[in-house]
There are 2 protein chains.
Amino acid sequence: MALEHAILVSLLERPGSGYELARRFDRSIGRFWTATHQQIYRVLRRMEADGWVRAEEVAQDGRPDKKVYSAAQPGRDALAAWLREPVEPETVRHELAVRIRAAAFDDPAALIPEVERHREGHAALLARYLLGERRDFPDAGTPGTLDAGQRLQHVVLRGGIEYERMTIAWLDDVLATLRELAEGR
Amino acid sequence: MALEHAILVSLLERPGSGYELARRFDRSIGRFWTATHQQIYRVLRRMEADGWVRAEEVAQDGRPDKKVYSAAQPGRDALAAWLREPVEPETVRHELAVRIRAAAFDDPAALIPEVERHREGHAALLARYLLGERRDFPDAGTPGTLDAGQRLQHVVLRGGIEYERMTIAWLDDVLATLRELAEGR
DNA sequence: TATCTCATGTAATCAGTTACATGATTGC
DNA sequence: GCAATCATGTAACTGATTACATGAGATA
């Protein structure tokens, strides 16, 4: 039920059309909340009906018209109320862990290429995060250079970086275990 | 689409009824895949119809009858095929990260109690994992004492432990940031 | 007497994905 | 000429949650 809130945060950071939101959900916000454009359009219409967002039709030349959404006060209020609600524990869906345990009933070596591919994906993501950090927060060590929003964005990014580091180290552990089992050690 | 496979792994590790599976999903398996009993019963019926599992009615005295499920060969085959499929990147749902960025548009201090509660939950989980590790894998350092299934279970558990450690460290980082912002530093 | 555990289920609803559709413009 | 980008949508479906129901024995 937090897609509404993720959209609100994104619109508070910068107003935009459904299409633009969908692209943000592919990039930055998609790091911690995914959504397809169909879902975004549907939720935006509901949010507009509830008065959480305002829509403004913008005509463009050479491009289709678009509806630019921005957060309205009732939306801000709803966000503030949500911030004060208890954080329910997140439902976990860790497919790779299921696969690793499943490997005990099949050939463990069969899983190695997939885990390697997974590891590469996380390494690439870590590199992108570190690049983004150097680009967006070069002076993070100097006090007083970042506003509240930037400091909060940075601490979320640091979480992503640490998560990727931890995951890569763990996948190396997994690979070592799988290779040992494959070699009969 | 991996609930079927998670159930299969669990039934291969040990046959059991829908009710028992639901309890395992509350405990061990729930660490990386959650499911309610309603969903488990529904999926079990489908799996039985597909021949992935076999059911045996077991009468008990003093307790209701139960249907004990065990994995059948077509289920094993499906699991082996699934292991060889590409691992699609998992959809991320990180509500706390959304909240942290939302705090920029509200009072950052309002989030502190919730983050503290979150941190306590992760610390408790880490303690449980470490206890489980000492109980189930006391001789993990000595080669030749664990079979393939145990070694794979252990590497998954190590992942959980590292994830909790990383998360606790990050939540401390988040709390420090929120407290600095609340104090106007 | 009341609550907890064991055991299985139905019904309604919500969230999210996949597939398909439309139509103009820009770049190769 | 073809693919990609911009822009918004409908329809069908699957996966998952919430609420409710039943009923017996065990425990406090």
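Me: In which helix is the place of B:His122?
Reply: This is a predicted model, where local features need pLDDT of at least 70, side-chain atom pairs count only at pLDDT 80 or more, and totals for chains, interfaces and linings use all residues. Residues are numbered from 1 along each chain as its sequence is written, chains are lettered from A and ligands numbered from 1 in the order in which they are written, and side-chain values use heavy atoms, with hydrogens and water left out. Helices (H or I, at least four residues) and strands (E, at least two) are DSSP runs numbered from the N terminus. B:His122 falls within residues 112-136 of chain B, that is, helix H6.

Me: Is B:His122 buried or exposed?
Reply: Buried means under 20% relative accessible area, exposed means over 50%, and partly exposed lies in between (1.4 Å probe, protein chains only). B:His122 has 14% relative accessibility, so the residue counts as buried.

Me: Which residues is B:His122 in contact with, leaving aside neighbours within four places in sequence?
Reply: Contact means heavy atoms within 4.5 Å. With those neighbours left aside, the partners of B:His122 are B:Tyr163, B:Glu164, B:Thr167, B:Ile168 and B:Leu171.

Me: How many aromatic pairs are there over all chains, and of which kind?
Reply: Rings of Phe, Tyr and Trp (its six-membered ring) pair if their centres lie within 6.5 Å; planes under 30 degrees apart count as stacked, over 60 as edge-to-face and the rest as tilted. The count over all chains is one aromatic pair. The ring centres of A:Tyr163 and B:Tyr163 are 6.2 Å apart and the planes stand at 90 degrees, so this pair is edge-to-face.

Me: Where do A:Tyr163 and B:Tyr163 lie?
Reply: At 29% relative accessibility, A:Tyr163 is partly exposed. B:Tyr163 is also partly exposed, at 29%. Each lies in helix H7 (residues 148-182) of its own chain, so the pair joins two chains.

Me: Which charged residues lie over the rings of A:Trp82 and B:Trp82?
Reply: A charge sits over a ring if NZ of Lys or CZ of Arg is within 6 Å of the ring centre and within 35 degrees of the ring normal. Over the face of B:Trp82, at 4.4 Å from the ring centre, lies A:Arg99. Over the ring of A:Trp82, 4.3 Å from its centre, is the charged end of B:Arg99.

Me: How many residues of helix H5 of chain A are buried, and what covers them?
Reply: H5 of chain A spans residues 95-102 and is mostly covered, with eight of its eight residues buried. A:Arg99 and A:Arg101 are among them. The cover from chain A includes helix H6 (112-136) and H7. From chain B it includes helix H1 (3-13), helix H4 (73-83) and H7.

Me: How much area is buried between chain B and chain A?
Reply: Contacts join 64 residues of chain B to 64 residues of chain A. Buried area is the accessible area (1.4 Å probe) that two parts lose on being put together, summed over both. Carbon and sulfur atoms give 64% of a total of about 6,600 Å².

Me: Which residues of chain B lose the most area to chain A?
Reply: Three residues together make up 13% of what the chain B side buries. They are B:Leu83, B:Val87 and B:Arg101.

Me: How many salt bridges are there between chain B and chain A?
Reply: A salt bridge is a side-chain nitrogen of Lys or Arg within 4 Å of a carboxyl oxygen of Asp or Glu. One between the chains pairs B:Glu180 with A:Arg151 at 2.8 Å, N to O. The count between chain B and chain A is eight.

Me: Why does the salt bridge of A:Asp106 and B:Arg84 join two chains?
Reply: The closest N and O atoms of A:Asp106 and B:Arg84 are 2.7 Å apart. A:Asp106 lies in the loop between H5 and H6 of chain A, and B:Arg84 in the loop between H4 and helix H5 (95-102) of chain B, so the pair joins two chains.

Me: Which elements does the salt bridge of B:Glu48 and B:Lys67 link?
Reply: The two side chains meet at 3.8 Å, N to O. B:Glu48 and B:Lys67 are 19 residues apart, in distant parts of the chain. The elements are helix H3 (residues 37-49) and strand E2 (residues 66-71) of chain B.
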